[in-house]
Amino acid sequence: MKQAISLKSSRKVKKALALTSIAVTALGFAHSASAEETLNLYNWGEYINPEVLTRFTEETGIKVKLDIYSSNEEMLAKLQAGATGYDIVFPSVHMQDIMAKLKLLEKTNINQYAGFKNIDKSFLNAESDPNGEYCLPYAWGTVGILYNKKLVPNLNSWADFFALPKEGKNIAMLDDMREVISVGLITDGKSVNTTDRDDLKAAQDYIIKQKGNVSAFTYDSIPMVQSGDIAAAQWYVGAMLYVLQNPDDLAYVIPKEGATMYQEDMCVLKSAPNKANAKKFMEFFTQPDIAALNAKQQTNGTMNTEAVKLLPDYLRNNPSINPPVEVKAKLQLFKELGKGIKLYDRVWTKIRTS
């Protein structure tokens with residue numbers, strides 16, 4: 001979601017971390033720091049404002065080290081492979097539920113902290129944590145369409161998006177199983193969490209029908225949209241950073257048929273070596289000015305109701321970042337599917353091999 005133009009399998013562009021004194025370290029290095037002075041975060045690629053980490057260190061004396069991942073699956077696989085040393089992870093809601101079933105998460109009782117009153121309780125979406133006893137709702141956003149206004153003066157729907165190749169204009173979709181399949185489900189008026197075989201078959205057929213007109217399935221589409229090589233791409237609301245920098249050339253839209261929304265929560269691992277420091281960081285992040293500092297840089301949504309009030313008007317009142325109620329009603333959040341995920345795996349394999 002940041003200013004660099006080289007993306008790698010992440011909804012966030014990775015650039016600002018190199019501009020701070022916050023150390024971005026490999027896991028092995030994390031073991032060398034003492035538990036009393038260290039906090040080890042494992043987060044999406046550049047999904048936290050480095051200034052937040054600097055402020056935390058200044059206020060507490062706790063040194064923060066950050067390692068990054070590009071997907072929920074990558075994070076879980078590393079932990080299951082035996083990686084240790086991490087204190088806090090930032091899973092999407094459905095992955096939080098998976099991790100809870102695997103007993104990987106520590107009960108923090110963050111909901112009993114005074115600052116938790118600032119959290120919009122409608123974001124307590126994890127089925128495994130309905131009261132916020134384990135994790136802190138952290139950030140949310142949508143997955144819509146970024147487009148180049150020089151090539152596409154106006155775009156409002158998935159139908160418009162898939163019609164572009166007929167006009168000789170290239171499009172791209174994410175290289176993400178559930179996000180791609182969800183477009184087929186949404187355009188058919190179905191739940192993105194359905195395990196109905198007929199629903200999934202219809203979504204499969206719809207995406208396969210469009211596939212020949214999709215130039216790429218990739219996370220690296222922003223620079224291509226900027227250059228005009230791609231007219232439009234399925235992408236995350238973090239693209240609004242570029243839109244705000246160049247509103248004459250770029251636009252981001254939540255399609256009128258609906259879209260997915262993502263939500264990441266802040267969770268302490270049961271294996272965390274620095275649980276006290278992790279709890280301090282969760283408490284620190286409930287402060288409205290800190291949550292607003294992060295949301296302002298990320299150009300996504302915050303669940304901290306007081307933080308929303310601190311955002312500049314161009315963010316707080318931007319319908320792409322904070323959509324109106326009628327648009328938000330059409331957003332769908334992924335849920336943990338249990339054995340049903342195998343149905344999606346089969347559909348994805350069929351899509352990719354057709």
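**Salt bridges and aromatic rings**

Arg 352 has a relative accessible area of 38%, so this residue is partly exposed. Keep in mind that the model is predicted. Arg 352 has a charged partner: its side chain meets that of Asp 175 in a salt bridge, 2.7 Å from N to O. The two residues come from distant parts of the chain, 177 residues apart. Asp 175 sits in the loop between β6 (171-173) and α6 (177-187). Arg 352 belongs to helix α15 (residues 341-353).

How many salt bridges does the model hold in total? The count is 12. One of them joins Glu 167 to Lys 169, with 3.3 Å between the closest N and O atoms. Lys 169 has 22% relative accessibility, so this residue counts as partly exposed.

Another salt bridge pairs Arg 316 with Asp 313, at 2.1 Å from N to O. Why are these two separated by about one helical turn? They are 3 residues apart in helix α13 (residues 313-316), which means about one turn lies between them. Arg 316 has a relative accessible area of 24% and is therefore partly exposed. Asp 313 is also partly exposed, at 48%. Elsewhere, salt bridges with shared partners tie Arg 55, Glu 59 and Asp 289 into one network.

Now turn to the rings. The model has 18 aromatic pairs. Take Trp 44 and Tyr 69. Their ring centres are 5.4 Å apart and their planes lie at 50°, so the pair is tilted. This pair, too, links distant parts of the chain. Trp 44 is in strand β2 (residues 38-44), while Tyr 69 is in strand β3 (residues 63-69), 25 residues apart. Buried or exposed: which describes Trp 44? Trp 44 is buried, because its relative accessible area is 3% and the cut-off for buried is under 20%. Tyr 69, at 1% relative accessibility, counts as buried too.

Trp 235 and Tyr 236 make a further pair. Their centres are 5.5 Å apart and their planes at 75°, so the arrangement is edge-to-face. Both residues are buried: Trp 235 has 0% relative accessibility, and Tyr 236 has 2%. Trp 235 and Tyr 236 are also part of one aromatic cluster.

Arg 178 lies over the face of Tyr 344, 5.3 Å from the ring centre. Lys 328 places its charged end over the ring of Trp 140, at 4.6 Å from the centre.

Finally, consider confidence. The average pLDDT of the chain is 90, and 90% of the residues score at least 70. Which residues stay under 50? Residues 1-35 do. The model still gives that stretch 104 contacts beyond four places in sequence. Low pLDDT calls for caution, because predicted coordinates should not be read in detail there.

Conventions. Residues numbered from 1 in each chain as written. Predicted model: local features only at pLDDT ≥ 70, side-chain atom pairs only at ≥ 80, totals over all residues. Heavy atoms only, no water. Salt bridge = Lys/Arg side-chain N within 4 Å of Asp/Glu carboxyl O. Buried < 20%, exposed > 50% of the residue type's maximum accessible area, 1.4 Å probe, protein only. Helix = DSSP H or I, 4+ residues; strand = E, 2+ residues; numbered from the N terminus. pLDDT = per-residue confidence, 0-100. Contact = heavy atoms within 4.5 Å. Phe/Tyr/Trp six-rings, centres within 6.5 Å; stacked < 30°, edge-to-face > 60°. Lys NZ or Arg CZ within 6 Å of the ring centre and 35° of its normal.
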